[in-house]
Amino acid sequence: MMLLIVVMSLAAFWLMLTLDEWFIRLWVGPDFFAGQQVLILALIIMVQQTITRTGVFFLNAKGIARPLSFAAMVEAGLNLTLSIWLGYKLGMSGILLGTIIAAMLTSFWYVPFLLRKHLEISWMDSLVRPIIGPTLGISAVGIGLYLLVQKLDTIPVFNHWLWFLPIGAVVSLLMGIFVWVVYLRKTLGEYVPLRFRRYLLVQS
């Protein structure tokens with residue numbers, strides 16, 4: 001479950017980073033885009049919260065609530081303090097950065113620690129395989145797709161919905177194929193109906 005959540009959130013991160021500015025410019029105009037820095041920070045929060053909340057779900061199912069409540073209060077206090085201070089210094093980017101730092105100092109490491117302690121999961125199974133490995137692999141592909149779309153975006157003829165829609169579909173398909181073949185096929189392949197396994201490269 002953690003592998004699935006991490007892979008899907010990272011794929012969403014890179015697809016949104018790749019296509020969001022282009023989409024907003026076509027939909028409402030460039031003046032409504034907050035900037036790549038704000039977008040990146042917001043997407044980092046999305047990935048952080050998705051991964052952390054998945055771990056919290058498993059801990060709650062195990063009946064572990066008190067340490068999580070304490071960590072949540074500490075994180076909330078840090079988040080408020082850092083967001084106000086950094087927001088005053090850096091604006092919107094500072095508020096988002098404060099949220100990221102607060103999570104990094106608390107839940108983002110504490111939840112995996114509790115998972116390993118109470119569910120007896122090794123570091124390899126709780127950190128390396130479901131988080132670090134997919135992060136590196138998907139980020140490598142995501143950077144390539146991002147650079148490709150940025151290159152196409154500089155060509156005036158492509159600055160139109162008739163090009164954005166098929167290019168966005170192809171980029172999403174390429175990312176989907178990669179994450180399925182490399183990370184999800186073995187894990188989720190057994191749930192694929194037999195008649196579709198040949199098309200999804202799943203061994204029967």
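**Close-up views of a predicted helical model**

**View 1. Helices α2 and α4 are roughly parallel to each other.** Roughly parallel means an angle under 35 degrees. The axes of α2 (residues 36-61) and α4 (residues 92-105) cross at roughly 25 degrees and come within 9 Å. Axes are lines fitted to C-alpha atoms over the stretch in contact, with angles from 0 to 180 degrees between N-to-C directions. Helices are DSSP runs (H or I, at least four residues), numbered from the N terminus. The crossing of α2 past α4 is left-handed: the near helix is turned anticlockwise from the far one by less than a right angle.

**View 2. Residues of α2 meet residues of α4.** Contact means heavy atoms within 4.5 Å. On α2, the residues include Leu41, Ile44, Ile45 and Gln48. Among their counterparts on α4 are Leu96, Leu97, Ile100 and Met104. The contact holds 11 nonpolar residues, four polar and no charged.

**View 3. A salt bridge joins Arg25 and Asp153.** The N to O distance is 2.4 Å. The rule asks for a side-chain nitrogen of Lys or Arg within 4 Å of a carboxyl oxygen of Asp or Glu. Arg25 sits in α1 (residues 2-27) and Asp153 in α6 (residues 123-153), so the pair ties together parts 128 residues apart in sequence.

**View 4. Confidence is highest in α4 and lowest in α5.** Mean pLDDT (the predictor's confidence in each residue, from 0 to 100) is 95 in α4 and 85 in α5 (residues 107-119). The protein averages 90, with 100% of residues at 70 or more.

**Notes.** Residues are numbered from 1 along each chain as its sequence is written, and side-chain values use heavy atoms, without hydrogens and water. In this predicted model, local features need pLDDT of at least 70 and side-chain atom pairs 80 or more, while totals for chains, interfaces and linings use all residues.

Notes:
Helices (H or I, at least four residues) and strands (E, at least two) are DSSP runs, numbered from the N terminus. Angles under 35 degrees count as roughly parallel, over 145 as roughly antiparallel, 65 to 115 as roughly perpendicular and the rest as oblique. Ala, Val, Leu, Ile, Met, Phe, Trp, Tyr, Cys and Pro count as nonpolar, Asp, Glu, Lys and Arg as charged, and the others, Gly among them, as polar.
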